[in-house]
Amino acid sequence: MITGLSFFDHGVVVRGDTLSDDATTLAESLRRVGYRTACFSSTPNNSPSRNFHQGYDEFHEIWRKKSNRRDRVPHLLSQEVVRWLSTYGDSAPLHLQLHYVPPHGPYTPAPRFDVFSDPDYDGGCDGESTTLWAINDRRIQPTETDLRQIVALYDGNLRAADDAVNMVLTALQRRSRWRQTVVLITADHGEAFFEHGMMAHSSTVYGEMLHVPFILRVPPSLRSDRIDTARLVSLADIVPTLLGTADLRPDGSVEGIDLLRVSDPTSRGGRFLVTRNGNQLPLLGFRSLGRSAILTSTGHGELYDLADDPGEAADLYLEDPAGFAGLALLISRRASRPPSVAGSTGHAPIDDSERSMLEALGYVE
């Protein structure tokens, strides 16, 4: 998201990995041409301890100031940003990265945002991380009613995040540069609700854990009806796309592409992405517009036809072994390419405050 590189190249794949100084970040590229750069982060997963602060004039770790009321985290960040904006003029262009937590779990929306759950629900499932772990470990077998309640709590988290983001957008709209402002709202992962027997994220490479929002607002001068919105999109596209809005190009080779550049729709089917889950034991995934495949470390896996089976329910691995072998070869060839930058610089230790926050977010049992 901040380098435009594949995980094969930047090497940051599990919690604690740190980014190499050899990687060029979006903030570094923008600061070089005169942008003021600032990041506000609500999670230790995005912090200077991981070397993710490269290129930022300021890096605010909001989570270190937080109260323990997790439902207030998105608004706490927005309040800090709005306050900061009130002290900053419009004399120079500005790059802001805002990293919220909700709708991320635990799904515990404040009462004013908890408008989707069933007040008469009397089952044993809530949105706490312990419940999600128990479902993943098969200690709880959720019913359809249980899952509807969990999804409703997640939707309450989403409503809270939406409200917090609106606070910042309202503040930005009051500024003289608003008509020239680019806004991207996205997420670093999707969320599963037992579609393939798992909850939350990071454990698989099915679509529910890969599919994220990608809402891009650009100034009128950059809008075009010819932008191909049907093509396959990757989070690696963030850097070249946002640099392109400033008439810049990435330093060196990147995995992503500039989504605002006109492309030939007939070539959109040629793009594919290789994905990875977030566990120590990796699964590699292949994804194009038409097909998806999963490759395990033993060479086995799964194959799906996304045109006929977008929910990835009918595994074609045994029916089409040659098709699977071809996609597995593409994955293997991509994995065997040497990285374009030096790999992760090491594994950052987790201090007590980081561990406490990670436990609250459900990352540490």
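The model is predicted, so local features need pLDDT of at least 70 and side-chain atom pairs count only at pLDDT 80 or more, while totals for chains, interfaces and linings use all residues. Residues are numbered from 1 along each chain as its sequence is written, and side-chain values use heavy atoms, with hydrogens and water left out.

H3 reaches 19 Å from its first C-alpha to its last, close to the 18 Å expected (1.5 Å times one less than its number of residues). Ten of the 13 residues in H3 are buried, with buried meaning under 20% relative accessible area, exposed over 50% and partly exposed in between, using a 1.4 Å probe and protein chains only. Among the buried ones are His75, Glu80 and Trp84. The cover over them includes strands S1 (36-41), S2 (58-61) and S3 (94-99), plus helix H5 (144-173).

Now look at S1. Five of its six residues are buried, so S1 is largely enclosed by the rest of the structure. S1 pairs with S3 in the parallel sense over six bridges, and four bridges join S1 to S2, also parallel (two strands pair if DSSP finds at least two bridges between them). Alanine 38 has leucine 96 as its bridge partner in S3 and glutamate 58 as its partner in S2.

What about the nonpolar side chains here? In soluble globular proteins, they tend to be buried together. The largest nonpolar core has 17 residues, of which Phe40, Leu77, Val81, Trp84, Leu85 and Tyr100 touch the most other members; a core is a set of buried Ala, Val, Leu, Ile, Met, Phe, Trp, Tyr and Cys residues joined through side-chain atoms within 4.5 Å. S1, H3 and H5 each supply at least two residues of this core. Valine 81 touches Phe40, Leu96, Leu98 and Val168, leaving aside residues up to four places away in sequence (contact means heavy atoms within 4.5 Å). A second, separate core of 13 residues includes Leu284 and Leu327.

On to the open sheet, where four strands run antiparallel in the order S8-S9-S10-S11. S8 (273-276) and S11 (301-305) are the edge strands, each with a single partner, so one side of each has no neighbour in the sheet. Between S9 and S10 there are four bridges, and leucine 284 has leucine 295 as its bridge partner in S10.
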